[in-house]
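This note sets out a few points on the model for a reader who is new to protein structures. Please keep the sequence and the three-dimensional view at hand while reading.

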Amino acid sequence: MHEDYSKQATLTVFMRQTINLQMQLGEVDISALSFNCKSRDDIPRLLRSLQHIWVTPDLRARVFQALEGMIPADRNNGRPGMELWKILVFGSLRLVTNCDYDRLQELANEHGTLRKMLGHGPYCTHAYHIQTLQDNISLFTPEILDEINQIVVEAGHQLVKKKMNRYTAVPIRL
C-alpha cells in the first residue's frame, strides 16, 4: 500500500511550479507589500498591477492558465524551471522598462521591492544568473502577453462596472 502512494505522489510532481505556496522565513506576503504612491517611475506602477493580479484569486488563476501555454508538453522531463509567477514578473518588467537582460539581472538581484514581489525575504541571498533569465523569459512570448492583456483588461472592465453599479443613483420617491 505504501508503494502505491509513493508512485502516485511521484506522478503528480511537476518540474515547473505555478507559485510556491510555502512562504520562507522572513518572506513578506505579496498582498502586504506597499509602494510609493507618489513615485512616477514605471516599476512601482507595474508592481502594483501585478499585486492586484496576485490578490485576486480568479484573475490570478486565469493568468496562470494562460501562462501554462508556454510550458513544454512534457512537464516531467528535465530540471525544475522558474516558477510561472517569476516569469510573469520578469517578463512584464522587461517589456515595461524596455530593458535588456543585463539590466533585468541587475534589477532582479538588487531592487528590494522587486525581490519581495518575487517572494524573496530580506535575508535571501538567491541571485539570478543572466542565462537563467534569458532561458525562462524567452518563453514569455508576445502571444502569451496578448492573452494575459485580454484577461487583465476584461477584469478591469468588470471592476469598473462593479464600481459604477455601487455609485449608481437610487431614485427617491416623494
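1. A polar contact is a pair of N or O atoms within 3.5 Å; within protein, one of the two must be able to donate a hydrogen and the other to accept it. One such case involves serine 138, whose side chain reaches the backbone oxygen of glutamine 134 at 3.0 Å. The model discussed here is a predicted one.

2. Overall make-up. The protein chain contains eight helices and zero strands. Its pattern, read along the sequence, is α-α-α-α-α-α-α-α. Of the 174 residues in the protein chain, 32% are buried. The chain exposes about 11900 Å², and carbon and sulfur atoms supply 54% of that area. Among contacts between residues at least 6 apart in sequence, 70% join residues at least 24 apart.

3. In soluble globular proteins, nonpolar side chains tend to be buried together. The largest nonpolar core in this model has 40 residues, and the members that touch the most others are Leu67, Trp85 and Phe90. Two or more residues are given to this core by each of helix H2 (42–55), helix H3 (57–68), helix H4 (84–97), helix H5 (101–110), helix H6 (112–117), helix H7 (130–137) and helix H8 (142–166). H4 supplies the largest share, seven residues.

4. Helix H4. This helix has 14 residues, and from its first C-alpha to its last it reaches 20 Å, close to the 20 Å expected at 1.5 Å a residue. Because 11 of the 14 residues of H4 are buried, the helix is largely enclosed by the rest of the structure. The buried residues of H4 include Leu84, Trp85, Ile87, Phe90 and Leu93, and also Lys86, Ser92 and Thr97.

5. Leaving aside neighbours within four places in sequence, serine 92 is in contact with Leu46, Leu50 and Phe140. Threonine 97 also has its place in H4, and it counts as buried because its relative accessibility is 13%. A polar atom of the side chain of threonine 97 lies 2.7 Å from the backbone oxygen of leucine 93. With neighbours within four places in sequence again left aside, threonine 97 is in contact with Asp42, Ile43 and Arg103.

6. The residue after H4. Helix H4 is followed by asparagine 98, which lies in the loop between H4 and H5. Asparagine 98 has a positive phi of about 55 degrees although it is not a glycine. Its relative accessible area is 70%, so asparagine 98 is classed as exposed.

7. Helix H3. This helix has 12 residues and reaches 16 Å from its first C-alpha to its last, close to the 16 Å expected at 1.5 Å a residue. Which residues of H3 are buried? They are Leu59, Val63, Phe64, Ala66 and Leu67. These residues lie on the same side of H3 because they cover an arc of only 155 degrees around the axis. The face turned away from this buried side carries the exposed residues Pro57, Asp58 and Gln65.

8. Valine 152 is found in helix H8 and is partly exposed, with a relative accessible area of 31%. Not counting residues up to four places away in sequence, valine 152 touches Ile53, Leu59 and Val63; Leu59 and Val63 are among the buried residues of H3. The C-alpha atoms of valine 152 and arginine 60 are separated by 9.5 Å, although the two residues are 92 residues apart along the chain.

9. Serine 138. To return to the residue of the opening point, serine 138 lies in the loop between H7 and H8. Its relative accessibility is 47%, so serine 138 counts as partly exposed. Leaving aside neighbours within four places in sequence, serine 138 is in contact with Tyr101 and Leu133. Serine 138 and glycine 91 are 47 residues apart in sequence, and their C-alpha atoms are 8.3 Å apart in space. Glycine 91 is one of the buried residues of H4.

Definitions and conventions: Residues numbered from 1 in each chain as written. Predicted model: local features only at pLDDT ≥ 70, side-chain atom pairs only at ≥ 80, totals over all residues. Heavy atoms only, no water. Core = buried A, V, L, I, M, F, W, Y, C linked by side-chain atoms within 4.5 Å. Buried < 20%, exposed > 50% of the residue type's maximum accessible area, 1.4 Å probe, protein only. Helix = DSSP H or I, 4+ residues; strand = E, 2+ residues; numbered from the N terminus. Expected span 1.5 Å × (residues − 1). Arc of directions from axis to C-beta. Contact = heavy atoms within 4.5 Å. Areas by Shrake-Rupley, 256 points an atom, 1.4 Å probe, with all protein chains shown as cover.
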